[in-house]
Amino acid sequence: MIEELNGCGVVLAGGSSTRMGEDKAWLNLGGETVAVRIANELHKTVSTVVINQNEGPDLPLPSIQDIYQDAGPLGGLHTVMAAREEEWFFLSACDTPFIHESVYNYLSSFLDQTIDAVIPEYEGRLQPLSGIYRKSCLPIIETLLHNGERKVSLLLEQVQSVYVNDFQAFPSEVVNRHFFNMNTPEDYRKAQEICKIL
């Protein structure tokens, strides 16, 4: 755990899960829900973890409901930043059940007082829902949401962002699993198979 960092882990569990057909956050993987699994991994990096959800079972961690309804991940990030006092927010979507603390610790090595966001880029695609955001982003997020904008990419264009695409120091399976997305029943079956070998 990064003791000196004033950080908060955030599990984004406000999505509609339309392709899965049921809420991804509460699916069982290895004897625990996906949301709890993600929260436990984030806890290895930061001491506080919260979940952004509008409905769902009670969990042993703070739950924060959206201020802006149906505003996607940007709305979830806004809600948590507005409610919490920490400076840095470590995001994880609820469809990435195999996040790994080492990736977040590596991303956090790029943080400093001139940076607003550290965003991983994997296999040519930005992964903003596995990024780290500074509370300095909050006023810009507020303006975007007020104007009806929901894209995280619009935030990244307006803040000081660092993009990290070199993960060669990590075992390939760690990085592949960290960015594994579980969106469909087929993905869920694959995730269950991965659990068997972890």
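Which side chain does the side chain of S92 join through a polar contact of 3.2 Å? The partner is the side chain of T96. A polar contact is a pair of N or O atoms within 3.5 Å; within protein, one must be able to donate a hydrogen and the other to accept it, and residues adjacent in sequence count only if both atoms are side-chain atoms.

The model is predicted: local features need pLDDT of at least 70, side-chain atom pairs count only at pLDDT 80 or more, and totals for chains, interfaces and linings use all residues. Residues are numbered from 1 along each chain as its sequence is written, and side-chain values use heavy atoms, with hydrogens and water left out.

S92 lies in strand β6 (residues 88-93). Strands (E, at least two residues) and helices (H or I, at least four) are DSSP runs, numbered from the N terminus. The relative accessible area of S92 is 0%, so S92 is buried. Buried means under 20% relative accessible area, exposed over 50%, partly exposed in between (1.4 Å probe, protein chains only). Contact means heavy atoms within 4.5 Å. Neighbours within four places in sequence aside, the contacts of S92 include V10, V11, L12, Y104 and L129. From S92 to E55, the C-alpha separation is 18 Å, across 37 residues of sequence.

Q53 sits in the loop between β4 (48-52) and β5 (63-64). Its relative accessibility is 6%, so Q53 counts as buried. A polar contact of 3.0 Å links the side chains of Q53 and S63. With neighbours within four places in sequence left aside, Q53 touches A13, W26, S63, I64 and Q65.

Helix α4 spans residues 138-146, and its buried residues are L138, I141, L144 and L145. Seen down the axis of α4, these fall within an arc of 120°, so they line one face of the helix. The arc is that of the directions from the helix axis to the C-beta atoms. Exposed residues P139 and H146 are carried on the face turned away from the buried side. The cover over the buried residues of α4 includes α2 (72-83) and α5 (152-158). G148 follows α4, with a positive phi near 85°.

The lining of the second largest pocket divides into five nonpolar, two polar and six charged residues. Here Ala, Val, Leu, Ile, Met, Phe, Trp, Tyr, Cys and Pro count as nonpolar, Asp, Glu, Lys and Arg as charged, and the others, Gly among them, as polar. α1 (34-42) and α6 (172-178) each supply at least two residues of this lining.
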